[in-house]
Amino acid sequence: MSTKLALDGGSPVRTKRWPDWPVFGEEEERLLVEVLRSGQWWSVGGRRVPEFEAGFAAMQDAEHAICVTNGTAAIEIALRALGIGCGDEVIVPPYTFIATASSVLAVGATPVFADIEPTSLNLDPAAAEAAITDRTKAIIPVHIAGCPADMDGILDVAARHGLAVIEDAAQAHAAEWKGRKVGALGDCGTFSFQASKNLNAGEGGAIVTNKEDVADKCWSVHNVGRTRAGKWYEHHVLGGNFRLTEWQAAILLAQMRRVPEQTERRTANARQLTTALGSIPGIRTLPPDARVTRHAYHLYVFRYDPSGFGGRSRNEFIRALGAEGVPAGAGYVPLYKEIVFQRKSDGIGPWCKAGRDVQYRSVRCPVCEEVCEDAVWLFQTTLLADEADMADIATAVEKIRQAWSG
Ligand SMILES: Cc1ncc(COP(=O)(O)O)c(C=O)c1O
């Protein structure tokens, strides 16, 4: 192997392709053609959406699932169904995709950021509790990267303060907390089936719950305020058209059957990576939590310490890794630093005037800020490769370390 970095003109550790995504075959084709020929492309009166809803609810140990257009809409619908709106506050972590907080704004409520834990990168229950005010109505823990949040801690805080819990499980299909699948551990949970997700239909989303009344309300909100037993032109609550199509359900039915094997493969590869990367100075892998009985590994995240790499920055490291043939990313910035929040005082955006005037420019979540500086993301598609490919990743990291630590 060349010791000269690919970034500096050396030959890369690997030129082999990573697995293609999405993975599909005859079953997806068969189900799609069947929907095409049936002429039943709409979920109303269709059978594929209800069939997928039943299967997905079972997959997530939930009694009910309602399919919706995407994971962002799923959170918004869940909030509406739980009666959260103008003037209310919802506690969210800042280490997540914008949708976790923007959907709170979309219903007129105020997102309040509470810091994350340095080990799981998920909402810290103690920080969430400290952020509660008399306006707080709900907590949205996010199972980031596919790693379940501390649901014991979050549910305990929520129960003591009478708050609703919506799990943002957009990245956590098949993930498990103490033997139970995520999503219906709190009041309800939301999923995304967007193209990058471990279960994907290009776009799509779902809400799961064990509570029949919550399921019925979500169903109404997603179907322009209708009720399941009501007339077509009879609108009981303010909703919207958030219905999925039969096309997406057909793809999802076939894709769902692939999830167990793919999850196993990612888990085995993640284990191997943790062993291999864990012994490299300057790399910190995330410690496992015994209560996480299944990590979905939408992402494999590790932390980078420049002191092990001759002081080179995390972003230089990611570039070097990419040049060696290993795709990696830097991930999120603390969500409150996004322009939409920083420019709140300029009056841009649908800020509910009834809410507490949270000044996002003065929010500080130190753990999140540190993680946003030093995290390195590997993607779920990379984890679908084989053992030798995982060894390549560790080889590339070690090659960069040796080149830079001189
Ligand atoms: C944590 C999280 N929440 C919500 C969403 C929103 O899902 P969608 O893209 O389907 O709207 C995503 C998608 O990236 C996400 O990662």
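So, the shell around the ligand: α3 (71-81) and α4 (99-106) each put in at least two residues, where helices are DSSP runs (H or I, at least four residues) numbered from the N terminus. Keep in mind that this is a predicted model, where local features need pLDDT of at least 70, side-chain atom pairs count only at pLDDT 80 or more, and totals for chains, interfaces and linings use all residues. Residues are numbered from 1 along each chain as its sequence is written, and side-chain values use heavy atoms, with hydrogens and water left out.

There are 15 residues around the ligand, and G71, T72, D168, S192 and K197 come nearest; being around it takes a heavy atom within 4 Å.

Now the polar side chains. A ligand nitrogen is 2.8 Å from an N or O atom in the side chain of D168. For ligand oxygens, K197 has a polar side-chain atom at 2.7 Å, and Q171 has a side-chain N or O atom at 2.9 Å. Taken alone, the ligand exposes 390 Å², and the protein buries 91% of that, using Shrake-Rupley with a 1.4 Å probe.

And where does the ligand sit? In the second largest pocket, meaning more than half of its atoms lie within 2 Å of the pocket's grid points. A pocket here is an open set of points on a 1 Å grid over the protein atoms alone where a 1.4 Å probe fits, with protein on both sides within 12 Å along at least five of seven lines; lining residues have an atom within 4 Å of a point. This one is lined by 24 residues, with F97, Q171, Q194, S196 and K197 nearest its centre. α3 gives the most to that lining, 3 residues.

Note on methods: A polar contact is a pair of N or O atoms within 3.5 Å; within protein, one must be able to donate a hydrogen and the other to accept it, and residues adjacent in sequence count only if both atoms are side-chain atoms.
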